[in-house]
Amino acid sequence: MEDNFSNYFNQTGKVAKEYLETRLDLIKLQAAGKLSKALGLFFSLTMAFLLFFFVVVFLGMVFGFWIGEMTNSYTIGFSCAAGLFILLFLVIMIFRKPLIQRPLGKLLLSELLDEINEPEEDEDEEEAGPRPVMGEETAHAYVPDDEATETTTKG
C-alpha cells in the first residue's frame, strides 16, 4: 500500500513539474508576442514620425525660398519659415495631450490588449450553460450567489 502512495506522489510531482514548466513556457511566449507587437508598433510610429519630420523640413525650406524670392531677401524668407516652425512647435506643445499622447496611448493599449476582445474557445464552452455542481450530472443545478446567501442568512 505504501508503494501505491509513493508511486502516486512521485507521478503527481512529475505531472506538477511538467505543468509548471509548460505554464512558464506559455507565459514566456505570451510576453514575447506582446513585446513583438509593441516593438512593431514603436518602429512603425518612429518611421512615420521621421517621414513627417522630413516632409515638414522640406516644406519649411520651400516656404523659406518662396518668401525669399518674393521679398528678394533669403534672410527674411527663412526668418519667416523659422517663425512658422516656432508657432507650430508652440501649438504642438499646448495641444500635445489631445493631439499626440492620448491617441498614441489608446493605439498602444488596443494593440497590446486585442486578445481580450477576441473570443477564445474556452469562452464558447462557458456560454453553453452552467456547469454541474459538485459532481451532479444535471446541467440545471442552481448555485446561489453571494447576495442570495446573505439575504437568507440574515433572516
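Patches, as the word is used in these legends, are made of residues with over 30% relative accessible area and no salt bridge, like charges being joined within 9 Å and nonpolar side chains (Val, Leu, Ile, Met, Phe, Trp, Tyr) within 5 Å. A salt bridge is a side-chain nitrogen of Lys or Arg within 4 Å of a carboxyl oxygen of Asp or Glu. The model is predicted, so that local features need pLDDT of at least 70 and side-chain atom pairs count only at pLDDT 80 or more, while totals for chains, interfaces and linings use all residues. Residues are numbered from 1 along each chain as its sequence is written, and side-chain values use heavy atoms, with hydrogens and water left out.

**View 1. The whole chain.** The protein holds 6 helices and 0 strands, where helices (H or I, at least four residues) and strands (E, at least two) are DSSP runs numbered from the N terminus. Of its 155 residues, 6% are buried, a class that means under 20% relative accessible area, with exposed over 50% and partly exposed in between (1.4 Å probe, protein chains only).

**View 2. A positive surface patch.** Arg96, Lys97, Arg102 and Lys106 together form this patch, in which Lys and Arg count as positive and the place of a charge is taken as NZ of Lys or CZ of Arg. Lys97 belongs to helix α3, which covers residues 96-112, and is partly exposed at a relative accessible area of 47%.

**View 3. The loop at Asn72.** Between α1 (2-71) and α2 (74-94) lies the loop that contains Asn72. Although Asn72 is not a glycine, its phi is positive, at about 60°, and with 73% relative accessibility Asn72 counts as exposed.

**View 4. The annotated spans.** An unreviewed UniProt entry carries the annotation "transmembrane region" for residues 38-67 and 73-95, and such annotations may be inferred rather than shown by experiment. Residues 38-67 are 100% helix and 0% strand, with end C-alpha atoms 43 Å apart, whereas residues 73-95 are 91% helix and 0% strand, with end C-alpha atoms 33 Å apart.

**View 5. Leu45 and Leu104.** Leu45, placed in helix α1, is partly exposed with a relative accessible area of 24%. Leu45 and Leu104 are separated by 59 residues in sequence and by 9.2 Å in space, C-alpha to C-alpha.

Notes:
Areas by Shrake-Rupley, 256 points an atom, 1.4 Å probe, with all protein chains shown as cover.
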